[in-house]
Structure formats: C-alpha cells, structure tokens
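Work through the exercises below with the sequence and the model in view. Each task is followed by a stepwise solution.

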Amino acid sequence: FRNLTTTSVKQGQRVTSKAFQHNPPQPSRFINTSVTVDNSNNDYYNSKFTTGNNNNNNNKSFHTQYRNLSYSRELASASASASTSSQNPNAESVRKLAYTLQEATAHLSPEEKPYYKQLLAFDECTAHNATYDLATGRISGGVGNFWNAVHKIMPLYRELIVTGELNDKRMTELVSLLRNGLRIHRLELSKLRKNLDKDANNPLKEIHYFLTVSIREVSQNVLEGLVPLNSHGLTHLFKAYKDLGFTVEAVHMWETGKDDPKLYQLFTAESVLGSVFPFLVESGDFNYDEINDIYNRIKLSKSPGEKIHSELQVGMIRACLYKGFTEEALKIFQQLTSDVYSTYTSQNIQPPINVKSYMTMAHLSFIGFCKDIPTADVFFKGAVNEEMPYLTPLQLNFIKKYISNIWNITNDFSQVKQVWLTTWRHYELKGTSNSSVSSSLNDSFLSIFFEKYPVYTNEAFEEL
C-alpha cells in the first residue's frame with residue numbers, strides 16, 4: 001500500500017511539473033453555487049457555467065476599442081493572441097504590448113480607458129471572495145457569488161495583464177480568490193455522498209482542474225515578471241501549491257524565483273520562507289544547517305522589539321521537528337506565543353483568529369512532525385481536550401503522520417489503536433466525521449494493522 005501510494009504521488013508530480021510547458025485544453029463546465037453537493041442537480045450546474053463564447057465576445061469588444069485608439073491591426077491581433085491563445089505567452093512580446101498600450105492611454109482618465117469596464121468587473125470578482133472560518137469549518141462571504149467570481153476572473157485577468165493596472169494588491173486578491181477556491185472545493189468534497197473517483201460526471205473534478213491551471217498560469221506570469229506580487233500574495237500562492245499537494249513543483253518555483261535577481265527579495269521575504277519551509281520538509285531533501293542559517297540571519301537583522309514573522313516561525317518549527325531538534329522547536333514555539341500575546345495584551349484585546357491560527361498550525365506541527373513521541377502526545381492530548389487559548393482542530397493529515405510516527409518509532413500498536421479510537425470519538429463528538437474522513441483515517445490504521453499482522457493468526461483475528 002505504501003509503495004503504491006508513493007509511486008502514484010511521484011507520477012502525479014512528474015505530470016504536474018510538465019504543465020509549465022504544456023497547455024491543456026480548458027474545461028467546458030464549471031462548478032455549482034451550492035456548498036452541499038447534490039448530484040441530481042449536475043445538469044443545472046453544468047448548463048449554468050460554460051466557457052468559450054462569452055470570453056470571445058468580451059475579447060472582441062475589448063480589442064475593438066484598442067483599434068479605436070489608433071492601434072495597428074498587428075498590435076490588436078497580438079493582444080488578442082496573448083490573452084486568449086496561450087497560458088504561457090512570450091513574455092517579451094507581452095511586455096512590448098503593455099508598454100505600447102500604457103503609453104497610448106496615459107493621457108486618458110480611468111473612465112475613458114478601453115479596459116475600464118473589465119477592470120471594474122475584475123474588482124467586483126475579488127470583492128466576492130469568500131473566507132473559510134477555521135473555528136466553524138463554514139464558508140462566509142457569500143458562496144453563491146463566490147463561484148461565479150472565480151469563473152469570470154481568469155478571462156478578465158488575461159485581458160488586463162497588458163494594461164499595467166494589475167498591481168500587487170489586485171494580484172494578491174486574485175491569488176486569495178483562487179486559493180480559497182481550493183479550500184472550499186475541499187470542503188465540498190467532504191460533503192459528497194459518494195466517492196468522486198466513481199462519479200465521472202461530477203463537476204467538482206473540473207473546478208479542481210480549472211483552479212490548478214489558473215494557479216500555474218499566475219505563477220508562470222510572476223516568474224516572467226509580467227505581473228507584480230507582494231510577499232503576502234506569494235505566500236498565499238505557495239499555500240495553494242500546498243493545498244494541491246504539488247511539493248516538487250513548489251520547490252522548483254521557489255528556487256527559480258530566488259535565483260532571479262529581480263525576484264530575490266520577494267522570494268526570500270519572511271512570510272514566503274515560512275510557507276516554503278514546509279515544502280522542503282515534505283520533500284525531505286533539505287539542508288537543515290542552511291535553513292537554520294537563513295532563519296538566524298533574519299533573527300539577527302531585527303531591531304530591538306521587532307518580531308520575526310509568525311509564518312516563518314511556524315515553518316522553522318516544522319523543519320526543526322522533522323530533523324529531530326525538538327528543544328529548538330519548543331523554544332521557537334514559546335517565542336511565537338509570546339510575540340502574539342504580548343502584541344495584543346498590551347492593547348488589552350484578544351488576538352484575532354487569523355493571528356491565533358499561526359499558533360494552531362505550530363501546535364498541529366508538533367502532533368504530526370515531532371519525532372519525540374512523549375512530546376507529540378502532550379500536544380495531541382492538549383488538542384483533544386481543547387486546553388489551549390487557540391483553536392486545535394484535529395486535522396486529519398497531522399493525525400495520520402502522528403499515527404505513522406508512533407508506529408515507526410515505538411512499534412507500539414496499542415498506542416496507535418488508542419490514538420485512532422480517540423480521534424474517531426473526537427470527530428463524532430464534533431460532527432466532523434464523514435465517509436471521506438473515516439475512509440482516510442481507517443486506511444492509515446489498517447495499513448499499520450496489516451504491517452503488524454501480515455499473515456492470518458488467531459491473535460490477528462481476535463484483534464481485528
């Protein structure tokens with residue numbers, strides 16, 4: 001089972017890494033506007049969201065206006081080609097086109113520019129971004145309009161890329177929209193009544209494809225310098241790769257960016273490094289001394305009272321735990337909690353939930369990555385009993401790593417079984433158990449069971 005999964009993951013990563021060069025066809029259907037998926041309504045969802053005709057009409061109108069600005073036929077054609085025919089257009093051609101367009105429209109007021117309506121539509125799409133509430137697991141911000149916005153924004157993005165109007169703020173909002181699409185897609189998957197692999201017509205498959213292609217397209221444009229992005233936006237972009245499970249691709253993107261002198265500062269920003277370190281941990285192929293040196297240099301560069309970004313602290317905790325430096329990870333965790341609470345208690349207010357989420361992720365990292373099992377046990381029990389001043393949801397991916405570590409390090413099957421049962425009871429109590437969660441949790445437990453009992457025995461039968 002383990003060999004099969006490892007092979008499948010590596011094959012998937014090989015395929016996805018080719019997408020930077022490959023240009024797959026666009027999907028013809030999109031996703032429903034309801035969070036709870038009802039397969040009986042697939043025809044409605046499929047007919048409601050279609051791609052193709054509307055985009056072509058928008059492009060035609062947009063580029064006709066370009067021609068009205070005394071553009072040559074060649075320029076209008078090049079612009080249309082850049083925004084519709086390729087997801088990896090020639091960067092130099094696009095830059096030249098952008099320069100020409102911005103020169104030609106510099107004297108116009110915002111309302112007079114030929115792309116004014118497209119820009120308003122883009123901003124309206126990002127205004128319908130939804131947020132995932134870590135406390136309740138619910139979607140806020142208007143789910144119905146959210147999926148419409150995700151569907152509409154990429155054609156607008158391709159048109160506006162040459163205008164110079166997609167500043168780092170707008171690009172960060174676009175990345176946030178796409179990443180939240182992945183998170184909400186995952187939530188919808190958990191509500192399915194049957195296995196997605198057995199439902200070939202479910203539009204959820206196509207929304208995942210659409211989001212994946214869009215995230216890769218934006219990534220490529222950032223690396224080519226066609227669009228700006230700030231550290232907050234790039235952090236979200238790497239987190240989107242984390243959601244997709246594309247570790248190798250994310251590491252490749254980071255290495256490409258940091259090796260570009262124009263992008264070095266952005267790709268080595270604190271929050272970005274914090275989102276990248278977990279990828280290095282997942283790959284298992286990283287130099288701890290190098291990472292530790294980067295962290296300490298950033299730490300020493302801080303003036304008195306200036307704090308390290310919480311994202312970087314969480315990433316460094318995970319790297320320490322993976323390499324077995326538990327004490328160092330605990331020191332950073334103590335500093336992280338101290339930094340968060342000192343900032344807000346001095347103002348006599350509670351830290352907001354998005355700030356507390358850094359402590360949540362650090363806590364879960366100790367459960368999933370700590371090789372010192374007694375220490376991991378303390379964090380697991382603290383999460384189960386909800387003893388912390390921050391949320392500690394038992395996220396399944398961390399629990400599976402925890403179970404695996406217990407077995408590989410201690411070979412204690414009784415503890416594996418106890419953690420499995422405790423997690424089950426917790427999920428039932430919280431109402432977060434469903435077929436997808438139970439299937440994945442049981443998979444982890446049973447793979448260990450059959451490793452302990454590879455052949456039939458009376459003891460194995462009794463245990464089962």
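**Exercise 1.** How many helices and strands does the protein have?

Solution. The model is a predicted one. The protein has 22 helices and two strands. Of its 464 residues, 48% count as buried. The accessible surface comes to about 23100 Å², and carbon and sulfur atoms hold 50% of it. Among contacts with a separation of 6 or more, 71% join residues 24 or more positions apart.

**Exercise 2.** Describe how helix H13 packs with helix H15.

Solution.
1. H13 covers residues 270–283 and H15 residues 310–322; their axes are 7 Å apart, at an angle of about 25°.
2. Angles under 35 degrees count as roughly parallel, so H13 and H15 are roughly parallel to each other.
3. Their crossing is left-handed.
4. On the H13 side the contact includes Leu273, Phe277, Pro278 and Val281, and on the H15 side Leu312, Met316, Ala319 and Tyr322 are among the residues met.
5. By class, this contact of H13 with H15 has eight nonpolar, four polar and three charged residues.

**Exercise 3.** Which residues of helix H9 meet helix H11, and at what angle do these two helices pack?

Solution.
1. H9 (residues 204–223) and H11 (residues 247–258) pack at about 15°, with axes 10 Å apart.
2. The two helices are therefore roughly parallel to each other.
3. H9 passes H11 in a left-handed crossing.
4. From H9, Arg216, Ser219 and Leu223 meet Glu249, Met253, Thr256 and Gly257 of H11.
5. Sorted by class, the residues of the contact of H9 with H11 are two nonpolar, three polar and two charged.

How values were computed: Residues are numbered from 1 along each chain as its sequence is written. This is a predicted model: local features need pLDDT of at least 70, side-chain atom pairs count only at pLDDT 80 or more; totals for chains, interfaces and linings use all residues. Side-chain values use heavy atoms; hydrogens and water are left out. Axes are lines fitted to C-alpha atoms, for helices over the stretch in contact, and angles run from 0 to 180 degrees between N-to-C directions. Helices (H or I, at least four residues) and strands (E, at least two) are DSSP runs, numbered from the N terminus. Angles under 35 degrees count as roughly parallel, over 145 as roughly antiparallel, 65 to 115 as roughly perpendicular and the rest as oblique. A crossing is left-handed if the near helix is turned anticlockwise from the far one by less than a right angle, and right-handed if clockwise. Contact means heavy atoms within 4.5 Å. Ala, Val, Leu, Ile, Met, Phe, Trp, Tyr, Cys and Pro count as nonpolar, Asp, Glu, Lys and Arg as charged, and the others, Gly among them, as polar. Buried means under 20% relative accessible area, exposed over 50%, partly exposed in between (1.4 Å probe, protein chains only). Accessible areas come from the Shrake-Rupley method with a 1.4 Å probe; for residues, only the protein chains shown count as cover.
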